[in-house]
Amino acid sequence: MGIYDREYYRDPFRGGGLFAGDAPVCRIIICLNVALFVLAWLSRSDAIDAWLVAQPEAIVERFQVWRLLTAAFVHGGPFHLLWNMLF
C-alpha cells in the first residue's frame, strides 16, 4: 500500500474548479495579474499604474505600503506580462 492510498492522507474537501488542485494561489496571482493588465489596457490611462507602482516618496512620506506588493502587478506590455507569468 502506497502513502496516497491511505484514508488519512486523502483530502475529501479539496473541491473542484479553477482554484482547486495543485497551486491554487499561483492561479489566483496569475488571474489578478491578467485582470489588472486588461483593466489598465482598457482604461488607456496611467492612473492605475500611478496608483500601484512603487514610489519611495509615496511609501515613506504618505505611508502607502500597498505599493510594495502591487508593484509586481504593473506591466509594460503583453510580452512583459507573459514572461512574468511564465517564469
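The model is predicted, so local features are taken only where pLDDT is at least 70 and side-chain atom pairs only at pLDDT 80 or more, while totals for chains, interfaces and linings use all residues. Residues are numbered from 1 along each chain as its sequence is written, and side-chain values rest on heavy atoms, with hydrogens and water left out.

The protein holds five helices and zero strands, and its pattern along the sequence reads α-α-α-α-α. Helices (H or I, at least four residues) and strands (E, at least two) are DSSP runs numbered from the N terminus. Of the 87 residues in the protein, 18% are buried; here buried means under 20% relative accessible area, exposed means over 50%, and partly exposed lies in between, with a 1.4 Å probe and protein chains only. A contact is defined by heavy atoms within 4.5 Å. Among contacts between residues at least 6 apart in sequence, 30% join residues at least 24 apart.

Not counting residues up to four places away in sequence, Asn33 touches Ala72, Phe73, His75, Leu81 and Met85. Phe37 also lies in α1, and its relative accessibility of 19% places it among buried residues. With neighbours within four places in sequence left aside, Phe37 is in contact with His75, Gly77, Pro78 and Leu81. The C-alpha atoms of Phe37 and Phe73 are separated by 7.7 Å, although the two residues are 36 apart along the chain.

Beyond residues up to four places away in sequence, His75 touches Asn33, Phe37, His80, Leu81 and Asn84. His75 and Val53 are 22 residues apart in sequence, and their C-alpha atoms are 9.6 Å apart in space.

Leu52 lies in helix α2 and is buried, with a relative accessible area of 5%. Its contacts, leaving aside neighbours within four places in sequence, are with Leu36, Arg67, Thr70, Ala71 and Val74. Leu52 and Arg67 are 15 residues apart along the chain, with 5.5 Å between their C-alpha atoms. Thr70 is found in helix α4 (residues 67–70) and counts as buried at 16% relative accessibility. The side chain of Thr70 reaches the backbone oxygen of Leu52 at 2.9 Å. That distance can be set against the definition of a polar contact: a pair of N or O atoms within 3.5 Å where, within protein, one must be able to donate a hydrogen and the other to accept it, and where residues adjacent in sequence count only if both atoms are side-chain atoms.

The largest pocket contains about 180 Å³ of space. A pocket is an open set of points on a 1 Å grid over the protein atoms alone, where a 1.4 Å probe fits and protein lies on both sides within 12 Å along at least five of seven lines; lining residues have an atom within 4 Å of a point. The volume is the space filled by probe spheres set on the points, which are joined across faces, edges and corners. Of the 14 residues in the lining, Phe37, Ala40, Trp41, Asp49 and His75 lie nearest the pocket centre. Helices α1 (24–43) and α2 (47–52) each supply at least two lining residues, and α1 gives the most, with four. By class, the lining has eight nonpolar, four polar and two charged residues. Ala, Val, Leu, Ile, Met, Phe, Trp, Tyr, Cys and Pro count as nonpolar, Asp, Glu, Lys and Arg as charged, and the others, Gly among them, as polar.

Rings of Phe, Tyr and Trp (its six-membered ring) pair if their centres lie within 6.5 Å; planes under 30 degrees apart are stacked, those over 60 edge-to-face and the rest tilted. The count comes to one aromatic pair. Trp51 and Trp66 form this tilted pair, at 5.8 Å centre to centre and 40° between the planes. The pair links distant parts of the chain, with Trp51 in helix α2 and Trp66 in the loop between α3 (56–61) and α4, 15 residues apart. Trp51 is exposed, with a relative accessible area of 52%, whereas Trp66 is partly exposed, at 33%.
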